[in-house]
Amino acid sequence: MIKKIGVLTSGGDAPGMNAAIRAVVRTAIQKGIEVYGIHDGYLGMYEGRIERLYRKSVSERLGLGGTFLGTARLKDFAKKEVRQIAIDNLAIYGIDAVVTIGGDGTYRGALALSEMGIHTVGVPGTIDNDISGTDFTIGFDTALNTVVEAVDKLRDTSSSHRRCSIIEVMGRNCGDIAVWTAIAVGAEFVVSKETGFDLQAIIDNVTQAAKAKNHAIIIVAENMVDVNWLAKEVSEKTPFDARATILGHIQRGGRPTAKDRVLASEMGYKAVEALLNDETGVCVCQRNNQIITMPINDALGDDTPPVLEKYKVFKVLW
Ligand code: F6P
């Protein structure tokens, strides 16, 4: 029977992580389990930076962006000897189970820990929405709203100057932020790994838009194309002068939306329940509005089909 659990956040921070930590802490305490916060993800586990958390430790945190436990990316956690040191540190506190909140790198770490005997449950916390088992990851909704608000602002200046705005958004290798934004703002074009890059199609769409309206918007997922180069091409080959904007880390900040707070709370609660049911090497997902668990291995696959379904809608509506 599990008596002490750890909780950590790892990888890129995401709005709603604090709400998830709070839910883990409050659920565990309700069920008579001690909770320990591990600072800066697996790095803090390796360095032994661990502290007991109480009900009050998570007061007033629910609506705050970022993660109060801190986060990091530790490549060396792939090494068994590094994980063994981390596990020895958990043993000092008597921690036999850990809730890990983060993206795919965090999940890989959780799986590896579970294979070494530590019970782990992953909670999807990343703005990228790139975990395949779940309809949504914690932070995606907030980031999407941040991006849409920014693009709405760019549209004001763009249309005043009869320009094309080219906006690069985050997502690592996943086009969810890009495609959802493109639908939400009525963009002229969206470029992502799943939907591809086609310069001539962009030129055609922008040229067509210039006949009917005073601006055009192109959303580009990061790691696809140099947006400043693309702005030059569009300026030279269409009636619109183009400007590129890279939104960057602003997309990861801010207070979580109500939707992310609720998702994080439900998922944090479910993670503790799963540990108490003796589950390990699993992650929490939201599917068809149900919060369930599934093996982490199944969540590390390809998330392409849902993006392409959304892209179909975009192509009809632009
Ligand atoms: O995974 C979240 C994310 O924001 C990605 O969208 C992006 O590619 C990456 O993290 C940026 O990482 P860093 O903050 O280390 O630059």
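Trainee: How much area is buried between domain 1 and domain 2?
Mentor: Buried area is the accessible area (1.4 Å probe) that two parts lose on being put together, summed over both. Here it is about 960 Å² between domain 1 and domain 2, with 50% given by carbon and sulfur atoms. On the domain 1 side, D13, I127 and D128 lose the most area to domain 2, together 48% of what that side buries. Bear in mind that this is a predicted model: local features need pLDDT of at least 70, side-chain atom pairs count only at pLDDT 80 or more, and totals for chains, interfaces and linings use all residues. Residues are numbered from 1 along each chain as its sequence is written, and side-chain values use heavy atoms, leaving out hydrogens and water.

Trainee: Where do domain 1 and domain 2 run in the chain?
Mentor: Domain bounds come from an automatic or database domain assignment. In this chain, domain 1 is 4-139 + 256-301, and domain 2 is 143-252. Their C-alpha centres lie 34 Å apart. Eleven residues from domain 1 and eleven residues from domain 2 take part in the contact (heavy atoms within 4.5 Å).

Trainee: How many salt bridges are there across the interface of domain 1 and domain 2?
Mentor: The term means a side-chain nitrogen of Lys or Arg within 4 Å of a carboxyl oxygen of Asp or Glu. The rule finds one across this interface. R252 forms a salt bridge with D13, and the closest N and O atoms are 2.8 Å apart.

Trainee: Which residues are around the ligand?
Mentor: A residue counts as near if one of its heavy atoms lies within 4 Å of the molecule. Among those around the ligand are R73, D128, G171, E222 and R252. A polar side-chain atom of E222 is 2.6 Å from a ligand oxygen atom, while a backbone N or O atom of G171 lies 3.2 Å from an oxygen atom of the ligand.

Methods
A polar contact is a pair of N or O atoms within 3.5 Å; within protein, one must be able to donate a hydrogen and the other to accept it, and residues adjacent in sequence count only if both atoms are side-chain atoms.
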